[in-house]
Structures are given as structure tokens and as C-alpha cells.
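Good morning, and thank you for coming.

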Amino acid sequence: MTQSLHPSAAKGFGSGAELYQQVRPSYPQEIAIWLQDRLQIGESSTVIDLGSGTGKFLPYLIQTQAKVIAVEPVAEMLQQLQQAHPTVECVQAFSDQLPLQNESVDAMVCAQSFHWFSNIETLTEMHRVLKPSGHLGLVWNQRDIQVDWVRALADEIAPFEADTPRYHSEKWKQVFENQELFRFIGLDTFQLLHRGTVEQVVSKRLLSTSFIAAMSAQHQQRLKARFEQIVFDFTGLSTQDQIDFPYTTFAYHFQKTSNSL
């Protein structure tokens, strides 16, 4: 989501925006407290939801009563966001070219997005628009692969990842090495259960993964059947049975320093 979108993001999120909005999990309620306690977001704050996608994280920012601005480069994702949250201010922009004034924002949050634009240009732009000692939060929901059937699903899709940026590769962390723009404050983790039918919270959720959403419809349908077979083999649950898909939510807190590169 820098000036050049990764093909998986451009195609997968462009064509799959509606599915993304329907099947992606929300976040644990504790995240709203984390925003207020750790990132010090409150009713007098201005906060940016960067790489906001379809707006899945917005309800937690709205709970803080801050002024929220959603920034997202993919038009189809932004359209879904505007339908769900018509009162939120939206900006279509890339992470390294934010149409915002210097030191105008109290906090920035990237939920399920920073791995797409984890480069020094973005970090420099974040540093520019954040107020002195401003806060940066990076949040990801990650499937809990300690659970056997979740691990089997992860193994099934791993060969298709190729060079697609992913949280679990931890390559996004490299941008914080040898820089003096932000300092790491802490990491909090929370547990989340996404409850619904096997089809809704497992197979369709996995189809919304960027590099899978970019595949042909025929390939997606074959994978959908495979995902549902894996769940049945491990749990005995069929497509319309209820299931809890376990996640761990990782919430990283950084703070702007007074230094520059």
C-alpha cells in the first residue's frame, strides 16, 4: 500500500473487498481499552486508521470518542468502509504520501495492514504527521496454529504465499532496525474466538486472504472444498455447523522520538 501496490493486494483486495468485509473477524473488546491506556487516545485526540481496509477496526477507535480519519488506497475497500461507516472521514491515499499537515495527529493505528507498507518511506511519513511523542499502534489478528486443525489449514495455504507480505514472516520488523524515528514501548496479546459456521468463519474467511482472493474462481472453489474437508477430518464438523475459530491478537506500541534519520 505504498505507491506500488503488491499484486496480491491490488487484485485480491480489489475483487474481494465485499467478501473481506463479510467474513473477517473483528477484534477483542480489550483492544478499545488498549487504545485508550497505551496509545492515550481520547475524545480530544485525532487518530489515523492507516490501511483501514473495509473499516473492521473503526468501531474500536470510535469508542474512544477521538476524531478518526480512515486512510486506504484501494478504492473497492474504501467503498465498503464508507457503506459501513458513512460518518467517518475517509482519505484515499498511500502510506508514504499522506495529505496531512506536519505534527497534526496524536496517534496512528495500522490494523492487519502494516506488513503491506513496512518501509522507511512510510515510517518517515508517519513521523512527519505525528505530534511530538505521538503514538503508533500496530495490530494483527493471527490464527492460533497451536490448535491442530488451524495448523493443518495453515500448512495447506502456505505453498501459495510466494512473496506476499505476511505478519508471520516478521519481515515487517526489519524497518524498525537502524532507525531513530520510533522507539518500541511494548507488546500486548489478547485472545479472540470468531464464532460462526464452518463455511463463514473458516473456508470463506481463508478465501478472503489476499493471494487466495487473487486466484481464479475455480481454484478458489477447490481450495474451499479442501478447507472444509480438513475441518471435518479433525473435528467432525460440516459446512453449516457452528465452530469457534481461535485467534491471538498482537498489539504493538511504538512512540515517536524527537530524532530524525
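Asn178 counts as exposed, because its relative accessibility is 80% and the cut-off for that class is over 50%. Please bear in mind that this is a predicted model. Asn178 lies in the loop between helix H7, residues 148–157, and strand E6. Although Asn178 is not a glycine, its phi is positive, at about 55°.

Is Gln112 buried or exposed? With a relative accessibility of 14%, Gln112 counts as buried, since the limit for burial is under 20%.

Let me turn to the sheet. Seven strands make up an open sheet with mixed pairing, and their order is E3-E2-E1-E4-E5-E7-E6. Which strands stand at the edges? They are E3, residues 89–91, and E6, residues 182–197; each has a single partner strand, so one side of each is left without a neighbour in the sheet. On average, neighbouring strands are turned by 20° against each other, direction ignored.

The partner of E6 is E7, residues 242–256, and the two pair in the antiparallel sense over 15 bridges. Within this part of the sheet, Arg183 stands opposite Gln255 of E7. Helix H3, residues 30–37, packs on the sheet, where it touches E4 (105–111), E5 (130–143), E6 and E7. The direction of H3 makes about 5° with that of E7.

Helix H6, residues 120–129, deserves a word as well. Its buried residues are Thr122, Leu123, Glu125, Met126, His127 and Val129. Among the elements that cover them are strand E1 (46–50), E4, E5, E6 and E7.

Finally, a pair of helices. Helix H8, residues 198–207, packs with helix H10, residues 217–235, at an angle of about 135°, and their axes are 9 Å apart. That angle makes H8 oblique to H10. The crossing of H8 past H10 is right-handed. On the H8 side, the contact is made by Val198, Glu199, Val202, Ser203, Lys204, Leu206 and Leu207; H10 contributes Gln220, Lys224, Phe227, Glu228 and Val231.

Thank you; I shall be glad to take questions.

Methods. Residues are numbered from 1 along each chain as its sequence is written. This is a predicted model: local features need pLDDT of at least 70, side-chain atom pairs count only at pLDDT 80 or more; totals for chains, interfaces and linings use all residues. Side-chain values use heavy atoms; hydrogens and water are left out. Two strands pair if DSSP finds at least two bridges between them. Helices (H or I, at least four residues) and strands (E, at least two) are DSSP runs, numbered from the N terminus. Axes are lines fitted to C-alpha atoms, for helices over the stretch in contact, and angles run from 0 to 180 degrees between N-to-C directions. Contact means heavy atoms within 4.5 Å. Angles under 35 degrees count as roughly parallel, over 145 as roughly antiparallel, 65 to 115 as roughly perpendicular and the rest as oblique. A crossing is left-handed if the near helix is turned anticlockwise from the far one by less than a right angle, and right-handed if clockwise. Buried means under 20% relative accessible area, exposed over 50%, partly exposed in between (1.4 Å probe, protein chains only).
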